[in-house]
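This report looks at aromatic ring pairs in a single protein chain. A pair of aromatic rings is described by the distance of the centres and the angle of the planes.

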Amino acid sequence: MRKINAVLTAVIMLIFVLHAVTGSLNMMNIAPIITRIEAYIMLGLICVHVVLSAILSVKSVRVWKTTGAPYFKENILFWTRRLSGVVIMILIAFHTTAFRSETAGAVTLPYFGVFRLVTQLLLVASIAVHIITNVKPMLISFGIKKLKPRAGDILFFLSAVLLVAAIAFIIYFIRWNTV
């Protein structure tokens with residue numbers, strides 16, 4: 001189950017990069033690219049990832065209860081991964097409503113104010129935390145021996161994508177509020 005979740009995570013990361021880059025280009029008014037299809041595919045895969053992660057988390061907690069040794073301080077990374085995942089799920093709901101609303105059957109763009117900007121920047125930050133804490137375990141589950149160079153490359157690339165996404169949200173906010 002862990003291997004399936006790792007493969008699923010890698011696929012989600014690839015689709016996320018595609019979604020973040022195309023969405024950023026769209027928000028910065030560079031290229032009007034529709035990102036809905038990959039977003040729905042990614043959302044479905046994320047839901048499967050959440051279920052698998054929840055099952056694995058429950059198994060871990062059961063082991064801690066039976067052994068009587070939760071080692072909370074030593075497992076702070078485990079809890080950071082779980083908490084950042086829960087925060088991402090909450091913020092995805094804000095993300096989906098930030099760019100689409102329906103009024104009298106017509107699909108429109110809702111006003112992108114300070115609250116929406118803050119929720120989107122929090123989404124970027126929580127994704128960053130989730131990725132930073134999960135890249136090494138994902139590489140380990142693939143059996144990759146030399147973690148540092150590969151993990152560093154992945155983290156650098158994804159950090160650049162997340163930075164572009166954050167900048168795009170800010171540009172989108174400025175465009176909404178100055179036009």
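Predicted model: local features only at pLDDT ≥ 70, side-chain atom pairs only at ≥ 80, totals over all residues.

The rings of Phe-99 and Phe-112 form a stacked pair, because their planes stand at 25 degrees, with the centres 5.6 Å apart, and planes under 30 degrees apart count as stacked. This pair links distant parts of the chain, since Phe-99 sits in the loop between helix H3 (76–98) and strand S1 (101–103), whereas Phe-112 sits in the loop between strand S2 (106–108) and helix H4 (114–141), 13 residues apart.

Phe-99 also pairs with Phe-169: the centres of these rings lie 6.1 Å apart and their planes are at 25 degrees, so this pair is stacked as well. Here, too, distant parts of the chain are linked, with Phe-169 placed in helix H5 (residues 147–178), 70 residues apart from Phe-99 in the loop between H3 and S1.

| Residue | Relative accessible area | Class |
|---|---|---|
| Phe-99 | 23% | partly exposed |
| Phe-112 | 0% | buried |
| Phe-169 | 5% | buried |

Conventions
Residues numbered from 1 in each chain as written. Heavy atoms only, no water. Phe/Tyr/Trp six-rings, centres within 6.5 Å; stacked < 30°, edge-to-face > 60°. Helix = DSSP H or I, 4+ residues; strand = E, 2+ residues; numbered from the N terminus. Buried < 20%, exposed > 50% of the residue type's maximum accessible area, 1.4 Å probe, protein only.
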